[in-house]
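The entries go from the whole chain to single residues.

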Amino acid sequence: MKIALLCALGMSTSLLVERMKKAAASRSIEAEIDAYSVDDIDEQLKTSDVVLLGPQICYKKNELFAKAKDADTPIDIIDMKAYGLRDGEKVLDQAIKLVK
């Protein structure tokens, strides 16, 4: 499963990505998880199984959700509390739920 986390520049989610990778490994879940700039959304919609948005870019929700719908790719905004705590387990669960 490929999970793309999008934020303003693709850097603020790097710690969360690492924690999500650890959570996936501890559960024996094969997952490719990376952070990208929101400007990369078109490419990520083509290559990812699920896209999660950092809360700081929720102002672009309507535009990004419309693109995701057209691409038939699940998308959601990362839970703000989980994002703030860098809770890799919870955000991984969020991604898995979207794919199912």
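I am working with a predicted model, in which local features need pLDDT of at least 70, side-chain atom pairs count only at pLDDT 80 or more, and totals for chains, interfaces and linings use all residues. Residues are numbered from 1 along each chain as its sequence is written, and side-chain values use heavy atoms, with hydrogens and water left out.

Overall fold: I looked up the elements and found 5 helices and 4 strands in the protein chain, running β-α-β-α-β-α-β-α-α from the N terminus; helices (H or I, at least four residues) and strands (E, at least two) are DSSP runs.

Burial: I noted that 41% of the 100 residues count as buried, where buried means under 20% relative accessible area with a 1.4 Å probe, protein chains only.

C7: I found C7 in strand β1, residues 2-7, and C7 counts as buried because its relative accessibility is 0%. UniProt, in an unreviewed entry, lists C7 for "modified residue: Phosphocysteine", and such annotations may be inferred rather than shown by experiment.

T73: I then turned to T73, which is in the loop between α3 (61-71) and β4 (75-77) and counts as buried at 8% relative accessibility. A polar atom of the T73 side chain lies 3.1 Å from the backbone oxygen of L45. Leaving aside neighbours within four places in sequence, I listed L45, S48, D49, V50, V51 and A68 as being in contact with T73, contact meaning heavy atoms within 4.5 Å.

How values were computed: Buried < 20%, exposed > 50% of the residue type's maximum accessible area, 1.4 Å probe, protein only. Polar contact = N/O pair within 3.5 Å; in protein donor to acceptor, adjacent residues only side chain to side chain.
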